[in-house]
Amino acid sequence: MRIPEGVREVIGKRLDRLSDACNHALTIAAVIGRQFTLRQLGLLISDVATERLVEALEEALAARVIEEIAGSIDHYQFTHALIGETLAAELSTTRRVRLHAQIGAALEMLYASHIETHAAALAHHFAEASSLIGNEKLVGYSILAGESALAAYAYEEALDHFERALAAKESDAMDAQTANILFGIGCSQMGMLERLQFTKAVESFRKAFDCFVELGDIARAVAIAVYPFPHFPGLEGEIAQFVTRALPLVPNDSIDAAKLLSRNGRILGIHQADPAVARDAFSKALDIARRHADTVLEIRTLASATYIDFFQLRYSEAIVTGERAIVLAENTEELAAGLTARYWVGSRLRDLGDFDGLRANAFSALPAEEK
């Protein structure tokens, strides 16, 4: 957005009162972003002693062009975003692009031990420098930033990062990196889109799944097949295909097989007329989970089986299966599956008119719900 000329003049007059050294430091800081640190500037202005750099920043502080960030040492920000934008706008395109490349390289070195927490900033700087250095680092850090945003449930932000990575890919070939981007796009879309738009997410997953299978990356293909898709009419057929295509690719007695069988039991329990087919899938999944001592998988499978028992009107079995999941979940951090089992057990207790049991079930669930 273009800064109005009058605003530029006011800011320019304020900056003209500062020394050349101060303006030089502030210009580089403006390209870093609204917030910056002394260490970042020190790497980029290596020909100036730290004390001289501190003096320049103190001059800017006195002029109230920048301010210290409360609770942090050597962390600063521009008092208004337009000040930084005005400084950056004074640079030529060539100089600005080169500065972004230098800043990206400096941040890589500075944050090498915890690079993922700064991936979004790195993606930004390498995006601005892509005309000079190409797109490889832009794509890599955009993927990393997208994965970090997904982990924080920031779905819209994650989608922005993944879509930027996909747009920056210099080849249309379906390689592992492209498949990972599509998987990230699918996860982001599933987290933020309206229910009628879930087909977009499933299409992203399908492209990624096909590529992972072709590349022999079975672990990633399984991750798509066992993704917790919501129940939505019209999608089950394609979601079921993920499971049926992935099952022959994994060892019969593996944890991956158990995950797929557990997922398949849920799908079959809803869409197959014969309930025994779903029970058989759950039984096989539980046997494998127990042999591998995978308590979390056992709880999740029992929770899914509880739901299917309830769905198929097998109420007594739903209570028995659900209570097994609840007991196991009490000694683990697997909160969601345990609470799912409690929900379906509670639903049955309600239908039976056992309100004392329902009340006890509900109050027992509160600590996990709050956590």
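Which residue's side chain meets that of Arg206 in a salt bridge? The partner is Asp210, and the two side chains come together at 2.9 Å, N to O. Before going further, please keep in mind that this is a predicted model.

Arg206 and Asp210 both belong to helix 12, which covers residues 198-215. They sit four residues apart there, so about one helical turn separates them. Side chains of opposite charge can pair when their charged atoms come close.

How open is this pair to the surroundings? Arg206 is partly exposed at a relative accessible area of 26%, and Asp210 is partly exposed as well, at 25%.

## Two further salt bridges

The model holds 16 salt bridges in total. Another of them joins the side chains of Asp253 and Arg291, with an N to O distance of 2.3 Å. Asp253 is partly exposed, with a relative accessible area of 38%, and Arg291 counts as exposed at 54%.

Arg314 and Glu317 form a salt bridge too, their closest N and O atoms lying 3.6 Å apart. Here the two partners fall into separate classes of accessibility: Arg314 is buried, at 19%, and Glu317 is partly exposed, at 35%.

| Salt bridge | Distance, N to O |
|---|---|
| Arg206 and Asp210 | 2.9 Å |
| Asp253 and Arg291 | 2.3 Å |
| Arg314 and Glu317 | 3.6 Å |

Arg314 is found in the loop between helix 17 and helix 18 (315-329). Which residues does Arg314 contact, leaving aside its neighbours within four places in sequence? They are Arg279 and Asp309.

Leu313 is found in that loop between helix 17 and helix 18 too. Its phi is near 65 degrees, a positive value in a residue other than glycine. Leu313 counts as exposed, with 59% relative accessibility, whereas Arg314 is buried at 19%.

Helix 17 itself spans residues 295-311 and includes Ser304. Is Ser304 buried or exposed? Ser304 is buried, its relative accessible area being 14%. Not counting residues up to four places away in sequence, Ser304 touches Arg266 and Phe282.

## Charged patches on the surface

Lys13, Arg14, Arg17 and Arg64 gather on the surface as a patch of positive charge. Lys13 lies in helix 1 (residues 5-16) and is exposed, with a relative accessible area of 55%. Arg64, in turn, is found in the loop between helix 4 (50-62) and strand 2. Arg64 counts as exposed at 62% relative accessibility. Its backbone is worth checking on your screen: Arg64 has a positive phi of about 60 degrees, although it is not a glycine.

The negative counterpart brings together Glu51, Glu58, Glu68 and Asp74 in a surface patch. Where does Asp74 sit? Its place is in the loop between strand 2 (66-68) and strand 3 (75-78). Asp74 is partly exposed, with a relative accessible area of 33%.

## The buried side of helix 7

Helix 7 runs over residues 119-128, and its buried residues include Ala119, Leu122, Ala123, His125 and Phe126. What covers them? The cover includes helix 2 (20-32), helix 6 (93-110) and helix 8 (130-133). Helix 9 (136-151) and helix 10 (155-168) are also among the elements that cover the buried residues of helix 7.

How values were computed:
Residues numbered from 1 in each chain as written. Predicted model: local features only at pLDDT ≥ 70, side-chain atom pairs only at ≥ 80, totals over all residues. Heavy atoms only, no water. Patch = residues over 30% accessible without salt bridge, like charges linked within 9 Å, V, L, I, M, F, W, Y side chains within 5 Å. Areas by Shrake-Rupley, 256 points an atom, 1.4 Å probe, with all protein chains shown as cover. Salt bridge = Lys/Arg side-chain N within 4 Å of Asp/Glu carboxyl O. Lys, Arg positive; Asp, Glu negative; His and termini not counted. Charge placed at Lys NZ, Arg CZ, Asp CG, Glu CD. Helix = DSSP H or I, 4+ residues; strand = E, 2+ residues; numbered from the N terminus. Buried < 20%, exposed > 50% of the residue type's maximum accessible area, 1.4 Å probe, protein only. Contact = heavy atoms within 4.5 Å.
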